[in-house]
Amino acid sequence: MNGLDGVNGLDGAGGPGGAGAADGATALIGSGLAEAAEAVRVGPAPVGAAVAGGRRIRRRRRTLVGAVVLGSAVLVAGAGAVGLHDGPAAAGVAVPAAGGPAPLVEPGPVVPEPAVGPAVPPAVGSGVEASPRGERDPLSAARTVVGEGTADGRAWKAVAALWPAAADRLQALAQARTIWQEQRTAGSDLTEPTAAAIDQYWQPGQDIVDVYLTVDGVRMPDDHTFLTPAPGARAGTGLTGATGEGALIGYRGKGETEPPVDVLVVAVGPSVGRATVTWTDGTTSEVPLRGLGTGSESRWLVMSRPAGAKASAWHLYDRQGSPIAGDLGWFK
Amino acid sequence: MGAMTTDRDTEFRIFMAAVWPRLLRTAYLLAGDQHAAEDLAQSAFERAYAAWGRVSRADDPLAYVRRILVNQHARSHRRRPPELLVTAVPESAIPEDGFARSDQRSALLSALAALPPRQRTAVVLRHWEDLSDSQAAAAMGCSVGAVRSQAAKGIARLREVAQLKELQEVGRVGGAV
């Protein structure tokens, strides 16, 4: 069962270490787990408590900023992001489904540091630009537009703000508060991060990548934070597979307006050289990959889902153009 | 707005009531005890409610919430060591004996609790939730290869437990008398 043959060569009930024995043993363990799980006392679903807790989360949106900024931790090693499928301004380009080697890894346009206020200046230019306060300043993010398009006649951009890893807990707290100020200005109802949150959630050596949307130049309160190894982080802390953590970020204005666009953000590993998505209408979109720059090796796939559209298949290719497996089936 | 909230709540309540037993059991195998499982599952549903707009739009809301649950569990594991369901693994068991079966189940759960978090999660998702490799990978936020590797290592370690070897001779694991 699932690649277990030969593992340890444990003799099973059916004989000495054969595949059938291994499968049988695995099946027995599976049935044992099922019986164990059945032993759980299942009472009524605590719906009221979950709703109350959920409302509390929404009201204070991630009470501990640390849990938000640092707790949605996912180790990702590479990044680059995106391309898209959303109107004429999108970066995605319809292409035949057949894939060839066409590694597209380039930094997206860098967005200047936003002034206090919800408006984020439009992204212009290309290349990587260090934060205004200096190379890899934990208190100043380097912003990269990782996707853009239009939906319902409104222009949206997905922006990845890379906050370099803090050097110590004190700096991590200052960084969390700086990020919180931005989120709060954008309309989030987060509470101010505390030293206790940092003690609990801070992970040294990890850059923070906060991905958010702007609609018509205004930053939306909905965002998602990822952790990615800082340049020089110890080996083994990065993403080893083709894809890592992903999130759907929906534009959400005041009053929880239904989002005109969902944006998929997924960390991709260093092996990925090309990505395409085929929609249920038969068209296929190329999803270019871009890096965030400022020393980060992270790479990201960012893609919008047009209203009413559904993805039917994803295709990932390595840098030589050979198909590789990815885990994007959860996004349709 | 009020009507929207009511619809949202109703939809969420129906969904939660339907999938609570299954996810609570998954949480139990991941967390190790009844109370921790209830806390973990409830916490996952709180987050699901907070993001119900996204969850309900997902093709598979259950998979979405399962992923929240797995992520929640992974975070809690980064902060504290895994708990054990029993204090020790019995030295031996007598086949076909009711108490022995109970011991075997305890041994299995103890061995499960002793696995590294990702191995444990992979084993539970693959062999209890019966997810495919790709589904488990989506829930864990890792590659299919990583799931296969982690599940294989986890199963191999479980099979190393002496008492679980005996299970194979008996032909079954645990079970009521």
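## Chain A as a whole

In this predicted model, chain A has 332 residues, of which 54% are buried. Its secondary structure consists of five helices and 14 strands. Among the contacts in chain A between residues with a separation of 6 or more, 70% join residues 24 or more positions apart.

## Ala247 in strand S7 of chain A

Strand S7 of chain A spans residues 243–250 and includes Ala247(A). Ala247(A) has a relative accessible area of 5% and is therefore buried, the cut-off for this class being under 20%. Ala267(A) is 20 residues away from Ala247(A) along the chain, and their C-alpha atoms are 9.4 Å apart.

Helix H2 of chain B, residues 34–50, contains Glu46(B). The relative accessibility of Glu46(B) is 13%, so this residue is classed as buried.

Which residues does Glu46(B) contact, leaving aside its neighbours within four places in sequence? The partners of Glu46(B) are Ala49(A), Ala50(A), Gly53(A), Gly54(A), Arg56(A) and Ile57(A).

## Packing of helices H6 and H7 in chain B

Two packed helices are described by the angle between their axes and the distance between the axes. For H6 (residues 117–127) and H7 (residues 133–140) of chain B, the angle is about 135 degrees and the axes are 10 Å apart. H6(B) is therefore oblique to H7(B), since an angle would have to be over 145 degrees to count as roughly antiparallel. The crossing of H6(B) and H7(B) is right-handed.

On the H6(B) side, the contact involves Arg118(B), Thr121(B), Ala122(B), Leu125(B) and Arg126(B). These residues meet Asp133(B), Ala136(B), Ala139(B) and Met140(B) of H7(B). By class, the residues of the contact between H6(B) and H7(B) comprise five nonpolar, one polar and three charged.

## Helix H8 of chain B

Helix H8 of chain B covers residues 144–160, 17 residues in total. From its first C-alpha to its last, H8(B) reaches 24 Å, close to the 24 Å expected at 1.5 Å a residue.

An α-helix has 3.6 residues a turn, so residues three or four places apart point the same way. The buried residues of H8(B) are Val144(B), Val147(B), Ala151(B), Ala152(B), Gly154(B), Ile155(B), Ala156(B), Leu158(B) and Arg159(B).

How values were computed: Residues numbered from 1 in each chain as written. Chains lettered and ligands numbered in written order. Predicted model: local features only at pLDDT ≥ 70, side-chain atom pairs only at ≥ 80, totals over all residues. Heavy atoms only, no water. Helix = DSSP H or I, 4+ residues; strand = E, 2+ residues; numbered from the N terminus. Expected span 1.5 Å × (residues − 1). Buried < 20%, exposed > 50% of the residue type's maximum accessible area, 1.4 Å probe, protein only. Axes fitted to C-alpha atoms, helices over the stretch in contact; angles between N-to-C directions. Parallel < 35°, antiparallel > 145°, perpendicular 65-115°, else oblique. Left-handed = near helix turned anticlockwise from the far one by under 90°. Contact = heavy atoms within 4.5 Å. Nonpolar A, V, L, I, M, F, W, Y, C, P; charged D, E, K, R; others polar.
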